Amino acid sequence: MSKVVFLEPRAANPHIFSGFGIPRLGSVLLATILRGLGHDAGVFVEDIREVDFERVLSADLAAISVLTPTAPRGYEMARQIHARGVPVIMGGPHVTFLADEALEHCDFVIRGEAERSMPAFMNAWSTGADLASVPGLSYRRGREVVHNPVDPAPVDIRANPIPDMSLVDGYDSRRGVTRWRIVPIQTSRGCPFACSFCSVTQMFGRGMRYRETSDVLDELDRCDPRRDFVFFYDDNFCVNLPRTRRILEGMIDRRPGWRWSAQVRIDVARDEEFLRLMCDSGCRHIYIGFESISDETLALMKKAQTSLQATKAIEAIHRHGIGIHGMFVFGFDTDTKKDLKRTWRYAMKQKLRTAQFMILTPMPGTDTYRVLEGENRIEVRDWSFYDGQHVVFRPKHLSPAELQWCQIRAHRCYYSWRERIKSIFRLDLYRATIQVYAKGIGQRWIRQNRYYLKAIKLARRAEQAIAGKGSHIAIRFHPLATYRDVHEQVEHAVERMRARGEKSFADSPTSI
């Protein structure tokens with residue numbers, strides 16, 4: 001049998017979850033499946049521990065799983081590993097939608113769900129059989145690129161084994177920001193909604209698939225409530241309330257004292273009895289994607305909720321002592337500076353325990369990507385900036401610089417010293433700790449991106465100056481251009497204006 005090493009590269013920029021180091025379950029699950037088939041499998045997650053490349057280069061195959069912002073790092077790993085003679089296969093949402101791009105850096109790509117495809121690939125690859133039988137596999141046959149059709153039947157997740165977290169190098173010693181070890185558990189797959197900016201339904205479909213309740217509870221039995229904090233990885237943990245109720249009741253019956261969190265929609269607040277059960281079973285806080293407080297924007301993104309419903313949900317959840325991590329997105333075509341300012345003030349007024357203000361990012365495979373691509377508004381192709389913290393497209397009612405600074409200001413206001421003092425006086429030490437952590441992440445991000453911030457600011461000033469002179473010279477500034485690149489574009493614009501006999505902004509006392 002073969003030795004396979006799975007790799008999860010880190011993102012280039014710090015983000016709110018950098019300090020927690022939670023592995024995605026895909027690589028761990030596949031490693032568990034392959035080990036069950038007799039292969040030697042292990043997992044490296046860069047956010048948890050540096051990769052031991054000696055072990056990687058001793059493997060028969062390296063499998064790299066990437067999201068869009070981790071794709072550049074994943075591609076660099078793939079090139080270096082391939083150059084040392086180890087074949088590389090890649091998977092994950094990003095390469096599922098951009099397999100041709102990925103094949104420029106690796107040997108094979110698995111598109112879509114891999115629980116059936118990966119074992120089939122290992123069997124065909126190790127025996128020299130025809131790879132055409134492997135569903136969802138992309139590879140080269142001579143100069144031809146071959147994309148095998150994806151198996152139309154969704155994976156039956158009830159047949160999956162419990163992911164063995166001990167396969168993740170360094171996981172058992174990882175405690176992150178808090179003293180708790182965070183244990184990821186997935187109980188379902190899919191999402192019945194179709195938000196325009198989300199790739200979940202494109203990757204896993206809108207039909208919901210559930211694991212058996214008994215299997216979920218058996219997996220929980222492997223955890224220790226005294227040291228483990230459970231995070232349910234489901235995209236919507238409470239989409240089926242009767243089923244979720246059985247899981248929570250089982251947690252109480254088998255072993256009390258749990259601490260857990262999950263991603264939910266505001267719909268969960270419609271049932272007060274269920275909220276009480278969540279609290280009794282150990283729910284400490286939940287993650288909710290509010291996205292916006294503008295009903296016009298919510299309709300545009302197909303969110304299927306209103307701002308009034310969100311406010312009522314927050315009130316109901318808070319009545320049961322459950323904290324909320326609110327997630328908001330800036331940059332939709334209906335957004336103005338006034339709307340964004342109202343959004344972060346709303347989050348502060350509603351006393352959300354923590355909040356995250358992200359910039360709309362056109363992830364490959366989403367409706368947002370297709371629309372902005374069709375309108376030629378995507379300005380950046382460096383995937384490392386597709387992390388929800390950088391402007392990578394041209395907004396409709398804001399400049400890239402305005403949108404970027406709205407997002408930065410939102411975090412500064414929300415995690416200010418004043419808010420931290422409020423948390424301390426309320427004796428909410430968890431919130432105060434997270435606020436200090438979030439403030440540090442924000443400062444680190446600004447230091448790391450100082451040239452990017454200067455570049456988009458300079459681009460904005462140059463555009464305003466040219467517009468003020470009434471010039472017909474159009475400058476299409478790349479929002480993430482380097483400082484030097486922006487200077488060169490400005491200089492070229494000045495030369496063109498002078499050649500046409502126009503007095504450029506560079507000739508005035510208010511020159512940038």
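User: Is Phe-232 buried or exposed?
Analyst: The model is a predicted one, and the answer rests on the relative accessible area computed from it, with under 20% as the limit for buried. For Phe-232 that area is 0%, which falls under the limit, so the residue counts as buried.

User: Which residue forms an aromatic pair with Phe-232, and is the pair stacked or edge-to-face?
Analyst: The chain has 14 aromatic pairs by the ring-centre rule. In one of them the ring of Phe-232 lies 4.3 Å, centre to centre, from that of Phe-237, with 10° between the planes. Planes under 30 degrees apart count as stacked, and Phe-237 is itself buried, at a relative accessible area of 1%. The partner is therefore Phe-237, and the pair is stacked.

User: How many residues apart are Phe-328 and Phe-357?
Analyst: Phe-328 and Phe-357 also form a stacked pair, at 5.5 Å centre to centre and 20° between the planes. Phe-328 is buried with a relative accessible area of 0%, and Phe-357 likewise counts as buried at 0%. The pair links distant parts of the chain, since Phe-328 belongs to strand β14 and Phe-357 to strand β15, and their separation is 29 residues.

User: Which strands stand at the edges of the open sheet?
Analyst: Six strands form this open sheet, in the order β8-β11-β12-β13-β14-β15, and their pairing is parallel. An edge strand here has a single partner strand, so one side of it is left without a neighbour in the sheet. That description applies to residues 181-185 and residues 354-359, which are β8 and β15.

User: Which residue in β14 is the bridge partner of Ile-288?
Analyst: Strand β13, made of residues 283-291, pairs with β14 in the parallel sense over six bridges. Ile-288 has its bridge partner in β14, and that partner is Gly-326.

User: Which side chain does the side chain of His-325 join in a polar contact of 2.7 Å?
Analyst: His-325 lies in strand β14, which covers residues 323-330, and is buried, with a relative accessible area of 5%. Leaving aside neighbours within four places in sequence, its contacts are Ile-286, Tyr-287, Ile-288, Thr-354, Ala-355 and Gln-356. Among these, the one whose side chain is joined to that of His-325 by a polar contact of 2.7 Å is Thr-354.

User: What backbone oxygen does the side chain of Arg-243 reach?
Analyst: Arg-243 is found in helix α9, residues 241-254, and at 4% relative accessibility counts as buried. Not counting residues up to four places away in sequence, Arg-243 touches Thr-187, Ser-188, Tyr-210, Arg-211 and Val-216. At 2.6 Å, its side chain reaches the backbone oxygen of Thr-187.

Technical notes. Residues numbered from 1 in each chain as written. Predicted model: local features only at pLDDT ≥ 70, side-chain atom pairs only at ≥ 80, totals over all residues. Heavy atoms only, no water. Helix = DSSP H or I, 4+ residues; strand = E, 2+ residues; numbered from the N terminus. Buried < 20%, exposed > 50% of the residue type's maximum accessible area, 1.4 Å probe, protein only. Polar contact = N/O pair within 3.5 Å; in protein donor to acceptor, adjacent residues only side chain to side chain. Contact = heavy atoms within 4.5 Å. Pairing = 2+ DSSP bridges. Phe/Tyr/Trp six-rings, centres within 6.5 Å; stacked < 30°, edge-to-face > 60°.
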